[in-house]
Amino acid sequence: MEAMIANAVRLSFSENVQPESLAKTSFMYWAMQRPAFAQAHAARQLYVLNQLNVMRPGKGSISTVNEFFGGVGIGSAIVQKLFQPTRHCVFEVDAQCLEHLQRQSFSPGLTVQYGDAVDTMLECGYADLMFCDFPKFNPLDISGWQAQLDHVFGLRPKAVYLNDTSFWSRHLHQERYAGPLNKAALRSDGEYIMAYSEKMRADYGYAVLAVAIHRGASFLYVPALTVAHPTVTRIKRPAAEEAMRIW
Ligand SMILES: C[S@@+](CC[C@H](N)C(=O)[O-])C[C@H]1O[C@@H](n2cnc3c(N)ncnc32)[C@H](O)[C@@H]1O
């Protein structure tokens with residue numbers, strides 16, 4: 001399988017990988033066996049990261065990036081296209097994803113290495129963009145990643161990407177998800193998004209600039225003095241296919 005990300009960066013998937021042998025927990029499985037899911041995931045990342053260029057031109061460019069969950073490199077390719085960073089550190093723990101990432105033709109400033117986010121998010125140095133595309137994350141996971149989030153936001157990056165893999169189930173867990181976001185209940189997607197923004201603003205001084213939704217949700221946080229309504233998009237199939245062309 002070949003893919004073109006954001007009409008700019010090509011990813012080649014090995015012909016030797018037997019998709020049926022991949023664990024469903026591996027992002028490689030999703031990329032190769034559920035390409036429509038991967039395309040929507042590409043569009044989510046592309047939309048929110050591009051908002052940095054659209055909504056904050058001149059607020060300082062992104063020239064250094066720490067990417068803690070590399071996956072199959074869709075997000076890495078988007079970062080390369082949008083920002084051309086001089087230093088882009090990509091970490092991953094899955095052996096197949098690592099081997100795949102190392103085979104791609106990214107720019108020389110991009111390095112790929114094994115790194116468990118439990119440690120890398122806790123020990124990293126400053127980067128303009130902290131890219132945290134968790135394999136699983138919802139409000140109930142905040143406390144488990146507290147030390148890592150404290151460190152990442154504490155470095156005062158220009159932007160932080162965080163996702164929520166459970167966004168689709170928000171309506172099923174209104175009270176459970178509300179507690180960690182300091183609310184009694186979250187009755188709509190809008191309330192859920194604003195609750196994240198208010199919590200991160202109170203804890204770290206960052207608010208949500210942009211959100212993209214397709215089952216899960218991608219959030220882009222920037223330093224903010226107040227919480228404003230972010231730009232929100234729901235990813236539809238044409239945008240997904242445009243973000244990641246597959247053949
Ligand atoms: C949602 S995917 C990232 C997708 C990536 N943004 C892309 O576009 O290809 C999450 C990735 O995190 C990896 N992962 C899971 N636990 C990890 C950990 N503790 N440290 C680093 N990576 C981890 C998984 O193997 C998976 O590839």
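**Figure 1. Asn 7 in the loop between β1 and β2 of the predicted model.** Asn 7 counts as exposed because it has 10 C-beta neighbours inside 10 Å, and a residue is called exposed if that number is 12 or fewer. Although Asn 7 is not a glycine, its phi is positive, at about 55°.

**Figure 2. Asn 182 in the loop between α7 and α8.** This loop lies between α7 (174-178) and α8 (189-204). Asn 182 is a residue other than glycine, yet its phi has a positive value near 65°. With 12 other C-beta atoms within 10 Å, Asn 182 is exposed.

**Figure 3. Tyr 126 and its contacts.** Tyr 126 belongs to the loop between α5 and β6 (129-132). Is Tyr 126 buried or exposed? Tyr 126 is exposed, because 12 other C-beta atoms lie within 10 Å and the limit for an exposed residue is 12 or fewer. When neighbours within four places in sequence are left aside, Tyr 126 is in contact with Leu 155 and Pro 157. Tyr 126 and Ala 38 are 88 residues apart in sequence, and their C-alpha atoms are 29 Å apart in space.

**Figure 4. The packing of helices α2 and α3.** Two packed helices are described by the angle between their axes and by the distance between those axes. For α2 (residues 35-55) and α3, the angle is about 30° and the axes are 10 Å apart. The two helices are therefore roughly parallel to each other, since angles under 35 degrees are placed in that class. The crossing of α2 and α3 is right-handed. By class, the contact between α2 and α3 has 8 nonpolar and 5 polar residues, and no charged residues. On the α2 side, the residues that meet α3 are Ala 38, His 41, Ala 42, Gln 45, Leu 46, Leu 49, Asn 50 and Asn 53. On the α3 side, they are Ile 74, Gly 75, Ile 78, Val 79 and Leu 82. An α-helix has 3.6 residues a turn, so residues three or four places apart point the same way.

**Figure 5. Gln 45 in helix α2.** Gln 45 counts as buried because it has 29 C-beta neighbours inside 10 Å, and 20 or more are required for a buried residue. Which residues are in contact with Gln 45, leaving aside its neighbours within four places in sequence? They are Ile 74, Gly 75, Ile 78 and Ser 218. The C-alpha atoms of Gln 45 and Gly 205 are separated by 22 Å, and these two residues are 160 residues apart along the chain.

**Figure 6. Helix α3 and the residue that follows.** Helix α3 is mostly covered, with 7 of its 10 residues buried. The buried residues are Ile 74, Gly 75, Ser 76, Ala 77, Ile 78, Val 79 and Gln 80. After α3 comes Gln 84, whose phi is positive, near 45°.

**Figure 7. The shell of residues around the ligand.** Of the 19 residues around the ligand, those that come nearest are Phe 27, Phe 69, Gly 71, Ile 74 and Gly 75. The elements that give two or more residues to this shell are α3 (74-83), β4 (87-92) and α5 (117-123). By class, the shell around the ligand has 11 nonpolar, 4 polar and 4 charged residues.

Methods
Residues numbered from 1 in each chain as written. Predicted model: local features only at pLDDT ≥ 70, side-chain atom pairs only at ≥ 80, totals over all residues. Near = placed C-beta within 6 Å. Helix = DSSP H or I, 4+ residues; strand = E, 2+ residues; numbered from the N terminus. Nonpolar A, V, L, I, M, F, W, Y, C, P; charged D, E, K, R; others polar. Axes fitted to C-alpha atoms, helices over the stretch in contact; angles between N-to-C directions. Parallel < 35°, antiparallel > 145°, perpendicular 65-115°, else oblique. Left-handed = near helix turned anticlockwise from the far one by under 90°. Contact = placed C-beta atoms within 7 Å.
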